[in-house]
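These are my notebook entries from a first reading of the structure. I set down what I looked up, in the order in which I looked.

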Amino acid sequence: MTDFVAGMRAILAAEQDFGKAFEAARPLLSRLLAEPALARAAARWPVCNRENWLLFEDPDYGFVLDGLVKAPGQKTSIHDHGPIWVLYGLLSGGEDICHFERSDGGHGEGPARIAETGRSTVAPGVLDLVAPYTIHSEEAGAKGSVAVILRSARPDRVATGRFDADSGYWRESPGIRQVPMHLL
Ligand SMILES: [Fe+2]
């Protein structure tokens with residue numbers, strides 16, 4: 001984790017565009033995911049409901065590292081991350097990442113039509129760079145999943161978009177609650 005944070009800070013010192021910085025951060029996150037001590041720590045993390053386990057928050061650059069544990073078959077809503085960039089890495093288990101578009105041409109809150117545009121089954125070690133306002137969902141497989149997520153800012157301080165399948169409405173709501181989790 002120390003190496004990851006130092007590497008991330010060096011990248012952001014030279015590149016202020018989070019999209020480019022997170023693209024450059026792929027090898028760092030891959031190395032972190034391959035670290036056996038991280039897998040041992042993650043084995044103690046409880047399943048998340050609407051929160052993420054906050055593993056690290058950088059005091060200067062604002063990026064955070066979150067842990068997200070899903071039970072077998074657990075699904076997220078169809079959502080975006082608002083203005084935040086995300087580099088999502090699967091640590092263990094498996095899941096499908098589904099991609100969507102708003103087919104009604106609208107944006108923001110209100111009635112929405114959502115169309116699935118693709119689905120990929122991801123295995124441990126796979127990274128997914130998620131641009132701001134990209135609409136997606138995640139569905140854990142039979143073994144559940146653990147993800148480690150690099151975010152450009154705390155997600156609990158910005159609005160996130162969610163599709164309410166019952167009402168067919170797109171809604172803005174407070175972002176994901178951050179619960180500190182010590183790694184050791
Ligand atoms: Fe997401």
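I took helices (H or I, at least four residues) and strands (E, at least two) as DSSP runs, numbered from the N terminus. On that basis I recorded four helices and eleven strands in the protein chain.

I noted that this is a predicted model, in which local features need pLDDT of at least 70, side-chain atom pairs count only at pLDDT 80 or more, and totals for chains, interfaces and linings use all residues. Residues are numbered from 1 along each chain as its sequence is written.

Entry: overall form. I looked up the radius of gyration, which is taken over C-alpha atoms, with a globule rule of 2.2 Å times the number of residues to the power 0.38. A compact globule of 184 residues would have a value near 16 Å, and the protein chain agrees, with 16 Å. Along the principal axes, its C-alpha atoms fill a box of roughly 45 × 40 × 25 Å.

Entry: burial. I counted a residue as buried if 20 or more other C-beta atoms lie within 10 Å of its own, exposed if 12 or fewer, and partly exposed in between, with C-beta atoms placed from the backbone. Of the 184 residues, 35% count as buried.

Entry: the nonpolar cores. A nonpolar core is a set of buried Ala, Val, Leu, Ile, Met, Phe, Trp, Tyr and Cys residues joined through C-beta atoms within 7 Å. The largest has 37 residues, of which A25, V86, A147 and L150 touch the most other members. I found that β4 gives the most to this core, with six residues. A second, separate core of six residues includes F100, A112, I135 and W170.

Entry: helix α3. Which residues of α3 are buried? I listed L28, L29, L32 and L33. Seen down the axis of α3, these fall within an arc of 135 degrees (from the directions of the C-beta atoms off the helix axis), so they line one face of the helix. The face turned away from the buried side carries the exposed residues P27 and R31. Among the elements covering the buried residues of α3 are α1, α4, β4, β7 and β8.

Entry: R119. I located R119 in strand β6, residues 114-122. R119 is partly exposed, because 13 other C-beta atoms lie within 10 Å. Two residues are in contact if their C-beta atoms, placed from the backbone, lie within 7 Å. Leaving aside neighbours within four places in sequence, R119 is in contact with D96 and C98.
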